[in-house]
Amino acid sequence: MEWIRTIVANRVAKDGPSWADFFSMHNSGTYNNQWMVVDYKLFKPGKQIQPNTLWVLEQLPGLIVSADQSQKLRSQSYWPSYNVPFYESVFNLSGIPAMVKKYGDWFSYDKTPRALIFKRDHSSVKGIYSMIRLMRYNDYQHDPYSKCNCTPPYSAENAISARCDMNPKNGTYPFGALGHRSHGGTDMKVTSTKMASKLHFLAVNGPTYDQQPVFRWSQQDFAPDTPHYGHPDAWKFPVIGHKWLW
């Protein structure tokens, strides 16, 4: 199973290439995803990105593609990830070209809204808290990249941290992903060189409320059909620092 292979690779790998090798063994084709492996032994703040600092791996049933993307990171200063395959072979085998042909750039790698928002706003990151703001960003009513051929003419899916509960149920959308549904970003996690050396990270639970109202179960039409036993009504939680007890 994918989660076991991840744990094994984390424990026994010594660098990006070996992580990819160990993770690729016994590919079960479950939970296909993009993995970004940063080797902090090679990363020096303020210094040029070295080869093998960033390895990127993508998985499909029967296929795993991985390579050193440090040069890409060095040339554009950031690596974005937003649920669209980067490697052409994975992109094509996923059937996405047909979706691009049918629905347009939303399904593309470099012109989908989150790609454009990252490209525009990554330079605004000056520290850990501006990184948090970017990862929780959703100003879909005003951001031009959130617009779509919809009624109303924008979608809360088209943001870094999606909030599809905000889309009106009686709206019209070219495909279901842009419409009203129980879907969106449910957390944010971030670390830095200093924190990573201690295995620490910052996290915040729940849909973003930075530019939008706080998510409340009592206001959701899908609440009766979505089990949420023990949940609070309002999901307004602060950023917390996580430190491993051991």
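Is Cys148 buried or exposed, and at what relative accessibility? In this predicted model, Cys148 has a relative accessibility of 17% and therefore counts as buried, the cut-off being under 20% relative accessible area.

**Cysteines**

The structure contains one disulfide. Its partners are Cys148 and Cys150, whose sulfur atoms lie 1.9 Å apart. A disulfide is a covalent bond that links the sulfur atoms of two cysteines. Because the torsion about the S-S bond of Cys148 and Cys150 is about -130 degrees, this disulfide is left-handed. Cys164, by contrast, takes part in no disulfide; the nearest cysteine sulfur belongs to Cys148 and is 10 Å away.

| Residue | Relative accessible area | Class |
|---|---|---|
| Cys148 | 17% | buried |
| Cys150 | 9% | buried |
| Cys164 | 0% | buried |

**Helix packing**

Two packed helices are described by the angle between their axes and by the distance between those axes. For helix α1 (residues 2-12) and helix α2 (residues 16-24), the axes come within 8 Å and cross at roughly 150 degrees. The crossing of α1 and α2 is right-handed. On the α1 side, the contact is made by Glu2, Arg5, Thr6, Ala9, Asn10 and Val12; α2 contributes Trp19, Phe22 and Phe23. Sorted by class, the residues in the contact of α1 with α2 are five nonpolar, two polar and two charged.

Helix α7 spans residues 128-135, and its buried residues are Ser130, Ile132 and Leu134. What do the buried residues of α7 pack against? Their partners are one helix, α6 (113-121), together with the strands β4 (187-190) and β5 (201-205).

Strand β2 (residues 54-60) and strand β3 (residues 63-68) run antiparallel and are joined by six bridges. Within this pairing, Glu58 has Val65 of β3 as its bridge partner. In a regular strand the side chains alternate between the two faces of the sheet. How many residues lie between β2 and β3 in the hairpin? There are two residues between these strands, and Gly62 in the turn has a positive phi of about 85 degrees.

Terms used:
Residues numbered from 1 in each chain as written. Predicted model: local features only at pLDDT ≥ 70, side-chain atom pairs only at ≥ 80, totals over all residues. Heavy atoms only, no water. Disulfide = S-S within 2.5 Å. Buried < 20%, exposed > 50% of the residue type's maximum accessible area, 1.4 Å probe, protein only. Axes fitted to C-alpha atoms, helices over the stretch in contact; angles between N-to-C directions. Helix = DSSP H or I, 4+ residues; strand = E, 2+ residues; numbered from the N terminus. Left-handed = near helix turned anticlockwise from the far one by under 90°. Contact = heavy atoms within 4.5 Å. Nonpolar A, V, L, I, M, F, W, Y, C, P; charged D, E, K, R; others polar. Pairing = 2+ DSSP bridges.
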